[in-house]
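Please find below my notes on the contacts between the chains of this model. They are set out as numbered points and take one interface after the other.

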Amino acid sequence: MSQTKRIIAYCCEHGGMGAAERAAKEQSQFASDVVIISVECLGRVDLLHLLQAFREGADAVFVAGCLEKNCHHLYGNVEARKKVDQAKRVLDSLGLGGDRAEMFNLASNQGLEFKQSVDIMIGRVERLGPNPLGAKK
Amino acid sequence: MSPVPLRSPESLVKTEVVKRAVVLGDGLGASIISLELADQGFDVDRLMPGNEPMDLALYAFPSELSRNVALVKMKSLSSTPRIRLHRDCTVSSVAGSAGDFEVSFTEAKSKGIIKGGAVVLAQDPGLAAVDLGPTVVSNSEMRRMIEGDETIPRVVVFIEGSGMTTACPAQGSTAFIENALEIKRKRTDIQIYVLTKDIHAPGAFERTYQAAQASGIVFFRGDFSYRSSQDEPNCMIIRDPVAGEVKIRPELIVRDEAFDLGSNSNLARKLGLSVDREGRILSINTRLHPGETIREGVFVCHGLGASILASDNISEACAIASSISELLSKDFLEHGAEVAFVDKEKCSACLACVRICPYDAPFIGEKGKAEIRIASCQGCGICVSLCPSKAIDQSNWTDAKMSAESEIASKGASG
Amino acid sequence: MIIGEQKPLKEICDILEGHHRILVAGCRSCVAICLAGGEKEVGILSESLRLHSDLAGKGWEIDEVTVERQCENEWVREIAPKIEGKDAVLSIACGVGAQTIQAMYPKVRSLPGLNTSNMGAPIEPGIFMERCGGCGDCVLHLTGGICPIVRCAKSLLNGPCGGSQNGKCEIGKETPCAWEEIYQSLKELGRLDLLEANIPPKDWTPSRSGGPRKIVRPEAVMSETERQLRGER
């Protein structure tokens, strides 16, 4: 697909941003723009933020945080996963496709896995098509 | 909506750091931490549950010399001016935050309070009650027999494992080497066998291990198995891939120590620390942040719960002392850059924030509404996201800023 | 407190059919605490509805408001500016709140976004269990503090039925038998003698199904004299 995809990644200052920065240093360019929003901990990210992103036209949104039991703040990543699961249900209910939202657990040195996460989301957007709300923005 | 991410001023709380550490424990770790910190110029109050520091029989040393050195160091505690020793102590509570703790305790029936900048729980776990029978002793009991010049039977077999499924600290079987060699040195006629899956012989232990092998101690390692003989009494049959089938008649069996890892859980809870299912106190990251727990300023030294080797204990203690001195060397601690704060008008006092916070920062205050302890808040934002009445916001990551960023990201991504 | 649960999103969208300028109204009281209708849920539901509207071309305008308690006229009166120009209010407070809004604003349709369920308590974060049946004739003193009306599936008053197995109710393995719990509680209290007390067949008059129940506190009712002296405010 030649059309540029809008992919947003919420990354925590620990596992998520670490992996993103590593990916930026090591890997070739991603096949699409990824806009990264950093937060101290994924626990801050709420369902509202995920839904807002889709309303504003994002094609896919993922959150990247620390490995399951390694959250710097104990369980902010687990909290985020609950919100992502909620987002999937709402997106499915609205017919947008729950696969547009995802959560990845990464260690701060997993640059390759970050790139792979982006590739997964790009693949999903290609399968589901662009967000219908993206065209008019 | 404004295209510029919104900022808010930082609210700061300054805590003056009390240059004193409160060390709880009577083992080697607590002693080393106290000595190291005193060396750095900090005052130390050491609270021991008993009357004397723990004896060194439980720890494994690579040689008699290193054991004696440690003993001398432990004795110097009482004469080091910066260290105050308290005996027969029970801690009742630890209030306050990093830099400014108040430890309430009883010392031999009288009550006391100490103010300190850092608190470290360095109490070794207690021994688990294990009854292994008359011809089995633990490794530390073996050490006491050696030091007490007791009569030792002619065939001694060291078998790794404690007879319990859990509570074995690391390097237990390495601890056998010191005792085995010591026995052999006193009585060359005693037959000694050591049965263990593997031997780690770090540092000076390597020399001890070589000496042990040279002295005639027989090591069974790797893929061996053993059982009691059906036909002969008191006979053990070992099947080893190299030696084949070997019959021995052990007169004394020595096993690993068994610790009750949960023996500190009550004290841990008083300090606001979490314990896992086996009772171990959780620390953040033993490699990158030695001794640090979820509560800033409260440290934990696992000691014998982590390893039975004296060298491991000393290393851990030195690392923790280093973490603590980093904290105590600051004159002020500043908090507030990324903290959460409550709008009391909106608060429903539903307790969601109180129940979820990893740091126990929120509490219901006098007005019946939630408040956040600034010095405890680590800015994770979990409560902000969770609050059902949107009463909590976070400086630096306000709701308005999150919405603005999301808008820019979604709209601007096409480039 | 009152426990409720939001209706499924699809059902809410169907209910809103035909309306365009919608006010989503929440409450800071019970429904906030059971995580169904507080300001946060108002925000999330509103955003979901806007998403649906954008995707399906509904042209909905969604506004948001949350009041301290949606059952109190004073607070509901305050949202008059928000009601202005709306053709529907989607209330995610309890049924009481939704009705209070309708009574205050008879020209604007009040729609329920919440299914109000029961009176209960959080037994752990996120898990709410029904505890009280609102029967109007409490016998907790005879049952060791365990309500036999709602916690027993058959609302039995004098002991378990034959379906009680291993302390569980026959309706499911996860439901404790209330009379087992009552027995254990009375045993702990040392008052098994209370089991001897025969609770007679229940007088359901003070309970629901018989018209709306009215409870009066005479001391708090304003007398005619007081009304005259106070005048209209």
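**Notes on the two interfaces of chain A**

1. Between chain B and chain A about 2500 Å² is buried, with carbon and sulfur atoms giving 57% of that area; buried area here is the accessible area, taken with a 1.4 Å probe, that two parts lose on being put together, summed over both. This is a predicted model, in which local features need pLDDT of at least 70 and side-chain atom pairs count only at pLDDT 80 or more, while totals for chains, interfaces and linings use all residues. Residues are numbered from 1 along each chain as its sequence is written, chains are lettered from A and ligands numbered from 1 in the order in which they are written, and side-chain values use heavy atoms, with hydrogens and water left out.

2. In terms of contact (heavy atoms within 4.5 Å), 31 residues of chain B meet 30 residues of chain A. Two salt bridges are counted between these chains, a salt bridge being a side-chain nitrogen of Lys or Arg within 4 Å of a carboxyl oxygen of Asp or Glu. Arg44(A) forms a salt bridge with Asp393(B), and the closest N and O atoms of this pair lie 3.8 Å apart.

3. On the side of chain B that touches chain A, at least two residues each come from helix H9 (382–386), strand E24 (392–394) and helix H10 (399–412) of chain B, where helices (H or I, at least four residues) and strands (E, at least two) are DSSP runs numbered from the N terminus. H10(B) gives the most to this side, with nine residues. By residue class, the side of chain B that touches chain A holds 13 nonpolar, 11 polar and seven charged residues, with Ala, Val, Leu, Ile, Met, Phe, Trp, Tyr, Cys and Pro taken as nonpolar, Asp, Glu, Lys and Arg as charged, and the others, Gly among them, as polar.

4. Turning to chain C, 16 residues of chain A are in contact with 12 residues of chain C, and the area buried between chain A and chain C is about 1300 Å², of which 67% comes from carbon and sulfur atoms. Within chain A, the residues losing the most area to chain C are Arg55(A), Ser93(A) and Leu94(A), which together make up 43% of what that side buries.

5. Three salt bridges are counted between chain A and chain C; Lys40(C) forms a salt bridge with Asp46(A), with the closest N and O atoms 3.1 Å apart. Helix H2 (47–55) and helix H3 (76–93) of chain A are the elements that give two or more residues to the side of chain A that touches chain C, and H2(A) gives the most, with six residues.
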